[in-house]
Amino acid sequence: MRFSTGTMVQGFNHAIGTKCHVLSMSMGGLSSAALSDAINLAYDHGLVLVTAAGNNFSGRPSPKSIVFPARYRRVLAACGVMADGRAYAGLHDGTMQGNYGPESKMTTALGAYTPNVPWAVIDCPSLVTMDGAGTSSATPQIAAAAALWLAEHFDTVMSYSEPWMRVEAVRRALFESAAKSTALMNASETREKIGQGVLNAAAALRIGPAAQAELRQLPPAEASWSWLNLVVGGGVSVAPALPANRAAMFALELTQMAQRVAAVDAAIADPDGVTDEVSPAARSRYLEAALDAGTPSKRLKEWLERTLGRSQSVAAPRSDTSRPHAARRKPMTPPPPRRRLRVYALDPSIAQSLDSVAVNETVLSVSWEEGLKPGPVGEYLEVVDVDPASDLIYDPVDLNQPHLLAQDGWPPSPASRRSGAAVRRGNQTRRSAA
């Protein structure tokens, strides 16, 4: 499993090195230069990339557009369609639903079924549940269809003069065979929320490889949107030019902000569309949202204030000689830089011997993450404590509880459940944890 950009890029390189043909990615995050470079390298080597479009919760102010790396046009984004033919979107408040859009991205998006599809239980090879949900569960369906099509037409597609042509040939077959409407979605809504249609693997297998002359290479993936590169680089009149390295960092930060802040995401309908179609008013609206609703870095905030004409004016000198009022100080309380957690240093069984128990526990120092929820649930990882043998789900652990912070988390122990209680799935019967 890959939870950082660095390890994800390593995974791409491994797939290329082992001559993998299809890569299924049920994950999403933010754009970066390393990620866009890896996407371009994989595409040029003929690796078909299928990635989850991302999810959001209805009624909550979170971004609704497709996340990276599925957002790159060289990646096939997996969107969701439900069993009744409705798009996996527009659900009642508090319900998880799939991301979609903007319009320019939907040309390289495809739908597959979710939720309530077969889903393998992690670290349990023999267990499969029927509660697979989110666009993550739609992703392997499309990836599997791509792999089947390549296997069916392997000799022909491997004879293409350029490896990237394999990617475009697979997409062509999947897109042409996809259902353009459903019982509850017309063609227009399907195009808006699903993309090229709903996956039909059997029909795709009947479509042969396209001729080389019919295939077109997509432009390279970029870490930042083109219009932002122009704005911060001085290519348009809204802002003065910046040094190249700083301009690149500002453009990337502003691109990433749209994936974290709903107001920024909604400021421009299609921020990664054609640069000339993004009006000056739309650019200013995006920058205003980034300054007001986002949390820009200090340097970017200063640049945004200058660019938008919001620089603080210098106060005029006092005309009288009376003693000024004492200024009230607002203390700043920075978050702790690191969190300490106790873990096994070797193997749990070593703790059973008095000779080795003293060396089998260590304390890790991990980065402090703001907004860590009980579970724990962080930005990239959610811990769900499930015991397959007893079919119990244990209550989440709150690592921010003062007594846990004071003792570096729970002591590692294979014999006890420290979360306090358990819920039996199905009948929701509770009991005290062992």
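**View 1. Strand β4 is covered on both faces.** L76, A78 and G80 on one side of β4 and A77, C79 and V81 on the other are all buried, where buried means under 20% relative accessible area, exposed over 50% and partly exposed in between (1.4 Å probe, protein chains only). In a regular strand the side chains alternate between the two faces of the sheet. The strand spans residues 76–81, and six of its six residues are buried. Helices (H or I, at least four residues) and strands (E, at least two) are DSSP runs, numbered from the N terminus. The model is predicted: local features need pLDDT of at least 70, side-chain atom pairs count only at pLDDT 80 or more, and totals for chains, interfaces and linings use all residues. Residues are numbered from 1 along each chain as its sequence is written, and side-chain values use heavy atoms, with hydrogens and water left out.

**View 2. Strand β4 pairs with β2 and with β6.** Pairing requires at least two DSSP bridges between two strands. Strand β2 (residues 48–52) runs parallel to β4, with three bridges; A52 stands opposite A78 of β4. Strand β6 (residues 109–113) is also parallel to β4 and is joined to it by five bridges. Here G80 has A112 of β6 as its bridge partner.

**View 3. R246, K298, R299 and R306 form a positive surface patch.** Helix α12 (residues 298–307) gives the most to the patch, three residues. K298 lies in α12 and is exposed, with a relative accessible area of 66%.

Methods:
Patches are made of residues with over 30% relative accessible area and no salt bridge: like charges are joined within 9 Å, nonpolar side chains (Val, Leu, Ile, Met, Phe, Trp, Tyr) within 5 Å. Accessible areas come from the Shrake-Rupley method with a 1.4 Å probe; for residues, only the protein chains shown count as cover. A salt bridge is a side-chain nitrogen of Lys or Arg within 4 Å of a carboxyl oxygen of Asp or Glu. Lys and Arg count as positive and Asp and Glu as negative; His and the chain ends are not counted. The place of a charge is taken as NZ of Lys, CZ of Arg, CG of Asp or CD of Glu.
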